[in-house]
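Thanks for making the time this morning.

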Amino acid sequence: HRQARQKRPPLSSETPVTQADTIAAIATPPGTGGIGIVRASGPGAERIGRALFRPSKTSNPLLSHRLSHGKIVCPTTGRILDEVLLVFMRAPRSFTGEDTLEIHCHGGPLILEEVLTAVLRAGARPAEPGEFTRRAFLNGRLDLAQAEAVQEMITARSQRGLDLALGHLRGDLSRSIGELRAALLDVLALLEAEIDFQEEDGVEASPRDALLDRLRDIAARIGGLTASYGEGRMAREGARVVITGKANAGKSSLFNRLLGEDRAIVTPHAGTTRDFIEEGASIRGVPVRYVDTAGIRAARDPAEREGIDRVWRQAAAADVVVILLDGSVPFTTEDRDIVAANRDRNVVVAMNKSDLPAVLREDSLPGEITGREILRVSARTGEGIPALRDAVFAALGRAAGASRSEAVLTNLRHKVALERSCASLRAAEQGLSGGLSPEFAAFDLREALGALGEVTGQTIGEEVLDRIFSTFCIGK
């Protein structure tokens, strides 16, 4: 994407210190592996490579983008530290846009620490979290949405989340934002022309209806992109599915059955679970956190009362609530309280213990769940569990909402920025509809443009950048 790769000037009037330094870090995860990489970036990368590397054959081992075999030595003693492959990438054809050196060592923690220490002694300084990616942003190699996508790819928990992060890294979201900014700039240009020439004879104002139609169209497109956040959040973070029901309804047994392992303690005695337990799984590639909760009943002590209070808090934060009824006993006051408390939530209703004689009749259920599909399941035998998973998956789709946008938001910061942009567009629309001077609408449109620019980094402050990149790992 051309816009994403344009050279971006530093955000402050002074050249950041980080751009004058050479930074270094271990770029591979902690632990033991076959290969580990030490990365250095900055103006001293080539000098450090020549000081530390002893090639096996070639007389010029630092040709750009060529792997060379050799040894890394200590810069003070000359002691051989490891047999390595080395690659030097000359600016601007590197991830950071700077001269970059990568040393591919054997993957032992001690080896990597020794090689990193040698690089630091040769003139580099330790990199801060996310500093390599931050330099890529400051040097125009990535825009801010693409830079954040690097972290999303590393932390992806599902194939869908990885696909979305890869799309953002390719520039899918950046292109959508760029198109919205271009459309807003066109409208702003018409308004500013009207402001500049409104007192001159022969200059007609832009038709209000046409401007309003264009603003509404842009607002709808931003709204569609914002609405995609539910889907993106679930793909990135996973959905919370809370299992609730009265004591001894079989919640822990169902929890274990859904996970396919004995994670929660199950006994014949009611009230075994006093606190909530959660564990991760997936449904058709969507990451899910199942939450087993304490049974709802009249609390017998402060610990049980606190456990029940936590049930309500978990249900309030859930993407889907599974209400589990006990089909082997009549409908109770506790069942009624649970149904009433979750009336306005995204609910799946299941009737457990289908392997026992049926006592609970559907015609005895309250109006809140009359007409809903009641799934009959047996946590003991597994009967009905596939249908329950399908129902939960469908409910997750309702929680995510229908996306009207090709790009999908996965980042809360982006969602908040788009919501602010939409609010400014609504203010501009109201001002124009109400007959206010176009200066007011132009101000609101500039605010909307600024909010959109925060997503890709055209309008962003150092403090926000510090907060964003501090969440990255060292070495990335």
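Before anything else, a word on one term: when I call a residue buried, I mean that its relative accessible area is under 20%. Please also keep in mind that this is a predicted model.

With that cut-off, eight of the eight residues of helix 4 are buried, so this helix is largely enclosed by the rest of the structure. Helix 4 covers residues 131–138, and the buried residues include Phe 132, Arg 134, Arg 135 and Phe 137. What do the buried residues of helix 4 pack against? They pack against strand 1, strand 2 and strand 7, and also against helix 5 (144–155), helix 15 (438–456) and helix 16 (462–469). Just after helix 4, Gly 140 takes a positive phi of about 80°.

Let me turn to the sheet itself, which is open and has seven strands in the order 3-4-5-6-2-1-7, with mixed pairing. Strand 3 (53–55) and strand 7 (125–126) stand at the edges with a single partner strand each, so one side of each has no neighbour in the sheet.

Further in, strand 5 (residues 80–89) and strand 6 (residues 100–107) run antiparallel and are joined by five bridges; in strand 6, Ile 103 is the bridge partner of Leu 86. Helix 3 (residues 109–121) packs on the sheet, touching strands 1, 2, 4, 5, 6 and 7, and its direction makes about 155° with that of strand 6. Helix 4 packs on the sheet as well, touching strand 1, strand 2 and strand 7, with its direction at about 135° to that of strand 1.

Note on methods: Residues numbered from 1 in each chain as written. Predicted model: local features only at pLDDT ≥ 70, side-chain atom pairs only at ≥ 80, totals over all residues. Heavy atoms only, no water. Pairing = 2+ DSSP bridges. Helix = DSSP H or I, 4+ residues; strand = E, 2+ residues; numbered from the N terminus. Contact = heavy atoms within 4.5 Å. Axes fitted to C-alpha atoms, helices over the stretch in contact; angles between N-to-C directions. Buried < 20%, exposed > 50% of the residue type's maximum accessible area, 1.4 Å probe, protein only.
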